[in-house]
Structures are given as structure tokens and as C-alpha cells.
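Please open the structure in your viewer and keep the selection panel at hand. The tour below moves from one selection to the next and says what is to be found at each stop.

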Amino acid sequence: MGGTLSLIRNAGTALWAAKSDPLGGTRRFQASDDEQARRRPRMTRELKSAVVNNEFVYHFQPQVDLVTGECLGAEALIRWNHPLFGSQLPGRFIETAERSGLLLELTERSLTTVATFARRVNARREKPLRFSVNVSAGELLQHDMAEILDRVLRLTGADPAWLTLEITESMFLSDTPGVMEAFERLREIGVGLSVDDFGTGYSNLRSLERFPMTEIKIDRTFVSEIATAPSRRVIVRAIIELGRALGLTVVAEGVETEAQRAMLSEMGSPVGQGYLFGVPTDEECFAASLARQATGRTDAA
């Protein structure tokens, strides 16, 4: 009997793990899944309290023009300011938030925070910045993201053109009904759609052409070896040319050295993101950095 109960429990754990990734298909039981399942009740309680207490913040990492160095926008990266363990990266809590039904509320609050910040930053800018936010496959497939965004935009008064939703490349493997409709409704609102970590998945080029995307982000694993691995340079150059042919903005992630920046610029990549241009910082630090850049341009003029 004990063996049967254990088998049932393990099967249930594997089922929940599979449900957390609606595009991942079937899944075998793994010991790590069981460990996470045991921690989940406490994590869920803490997350519920964190949502009530507004313990989540965003840090912003600049995206810049690789030729001029001008800041064009930023990726908004969520952090949980845990009262005991300090700043927590999304990998520590997003899965539990989704399983517990808290992710939708957290996402709407997060989009509201980023849209409000975008309106504040762009209030006096002649050329507005665009802010990108990661959205999970589950949210797009199970909820009306267009309705949520419409509500956020009406509440904050932000221009939809200031926002881009980053979506993992695995979304293109899905034949789930409603995926194309969800993307098209978001584009009708006016927000951008970005393919995150492009080149690491298995989407075919036909899918990239078919979906109404506005941007692709070259995965950092390709950028990190661009100066030393000829094969990586070939791949990066091909992605840049592909983006140009399809009319998509191309953002190179993980730019950390001047050599990488120079090579990407020479290849025609218009935008870069990485530690070379700045680490993720909170709202006030990011806004202060923008103010310093503006002052520098004024002084130079």
C-alpha cells in the first residue's frame, strides 16, 4: 500500500510540474519536483503575504543604440524583496506564483508599475523610451492578456507603444488554439511583442514570419562567444539579417565587452543590452542615470 501511495504522490507531483509548463508536454517524475512540492505550501503563504504587502519591485537594465550609445529603453526585471532573504530573482518564485494562482494578479500589478514608470520617464522626453516585460506562456494561453493590458493602460495613461512583452521562443512550438489570436489582439492594442532568448529553442522560421512579432532578442550564449567562436559569429550574423529582412528590431543580450559591442555594431545589430551598458538598477537609480545622460548631452551641446 505504501508503495502505491508513493507512486500516486509522485505521479501527482509530475503532473503539476507538467502543468506549470503548458508547452512542455508530458514529464517524468524527478526528485527535484518532489522537493519543490514540499516547499510549495510555505512559499505560497509567503507569496500571498508579499502581494498584500507589495514586496515586489522592478529593476531596469538599459538597452542602447550600439553605434551612438543612446539609451533606447530598458528591460524591466522583477525582484522580490523578501523580508528575511533579501532580493530574490524570479526563478525562485514565479513557478510557485503561477501554480498557486497568484501570478495573474502579480503580473497585472507589475505591468501597472512599469507602465506608471514609463509615463513618468517619458513625460519630458522628446524620444520616448520603450520598456519590456517578461510574460509567461501560461498567462498568454490561460488568460485574456489583451484585456489586462487595456485595463492597465487606461489606469496609468501610458502609451501602448512604450511597452513590449517578452515571450519565450517555445511559444512558437505550440499548436494550442488561441495563441495567434492572443498575439494579434495584443498587437491591435499597440504593444510590442518580443521573442526572448532567440536561437536557443526549436521554432522554425515559418513561425517567426507568421506571428505578429516586432522584436527578437539574440540569446546571451551566442553573444558571449562572438569574439572567439567563428560559428557563433555566423549564427549571430544570420539572426541579424533575418530580423532585418522581416522588419524586426534585433536586440543583442549579454553584451559585456567593447569587442562584442564593436562586432555586433559592424554586423548591423541596432540595439544591445548587457553589463557593458549598465547593471539592472531600481527606478530611482535608473531615472537618475537618464538625468545624468541628458545633462551630459546638454553640456556637450
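Select helix α10 (residues 230–246) together with helix α11 (residues 258–267), and look at their crossing, which is right-handed (a crossing counts as right-handed if the near helix is turned clockwise from the far one by less than a right angle, and as left-handed if anticlockwise). The two helices pack at an angle of about 45°, with their axes 10 Å apart; axes here are lines fitted to C-alpha atoms, for helices over the stretch in contact, and angles run from 0 to 180 degrees between N-to-C directions. α10 and α11 are therefore oblique to each other, given that angles under 35 degrees count as roughly parallel, over 145 as roughly antiparallel, 65 to 115 as roughly perpendicular and the rest as oblique. To show the contact (heavy atoms within 4.5 Å), display Arg-233, Val-236, Arg-237, Ile-240, Glu-241 and Arg-244 of α10 with Met-263, Leu-264, Glu-266 and Met-267 of α11. Coloured by class, the contact of α10 with α11 has five nonpolar, no polar and five charged residues, where Ala, Val, Leu, Ile, Met, Phe, Trp, Tyr, Cys and Pro count as nonpolar, Asp, Glu, Lys and Arg as charged, and the others, Gly among them, as polar.

The model is a predicted one, in which local features need pLDDT of at least 70 and side-chain atom pairs count only at pLDDT 80 or more, while totals for chains, interfaces and linings use all residues. Residues are numbered from 1 along each chain as its sequence is written, and side-chain values use heavy atoms, with hydrogens and water left out.

Stay in helix α11 and pick Arg-261. The side chains of Arg-261 and Glu-258 are joined by a polar contact of 2.8 Å (a pair of N or O atoms within 3.5 Å; within protein, one must be able to donate a hydrogen and the other to accept it, and residues adjacent in sequence count only if both atoms are side-chain atoms). If residues up to four places away in sequence are not counted, Arg-261 touches Leu-66, Val-255, Leu-276 and Phe-277.

Now zoom out to the protein chain, which has twelve helices and nine strands; helices (H or I, at least four residues) and strands (E, at least two) are DSSP runs, numbered from the N terminus. Of the 301 residues in the protein chain, 43% are buried (buried means under 20% relative accessible area, exposed over 50%, and partly exposed in between, with a 1.4 Å probe and protein chains only). Among contacts between residues at least 6 apart in sequence, 66% join residues at least 24 apart.

Next, select helix α4 (residues 103–122) and helix α6 (residues 145–156), whose axes come within 9 Å and cross at roughly 40°. These helices, too, are therefore oblique to each other, and the crossing of α4 and α6 is right-handed. Which residues of α4 and α6 meet? On the α4 side they are Leu-104, Thr-107, Glu-108, Leu-111, Thr-112, Ala-115, Thr-116 and Arg-119, and on the α6 side Met-145, Ile-148, Leu-149, Arg-151, Val-152, Leu-155 and Thr-156. The residues of this contact divide into eight nonpolar, four polar and three charged.

Within α4, centre the view on Thr-112, which is buried, with a relative accessible area of 18%. Thr-112 touches Val-152, Leu-155 and Thr-156, not counting residues up to four places away in sequence. The C-alpha atoms of Thr-112 and Val-152 are separated by 5.5 Å, although the two residues are 40 residues apart along the chain.

For the last stops, turn to backbone phi. Most residues other than glycine have a negative phi. Asn-54, not a glycine, has a positive phi of about 55°; Asn-54 lies in the loop between α2 (31–53) and β1 (56–65) and, at 54% relative accessibility, counts as exposed. Asp-197 also has a positive phi, near 55°, but its place is in strand β6 (residues 192–198), and at 26% relative accessibility Asp-197 counts as partly exposed.
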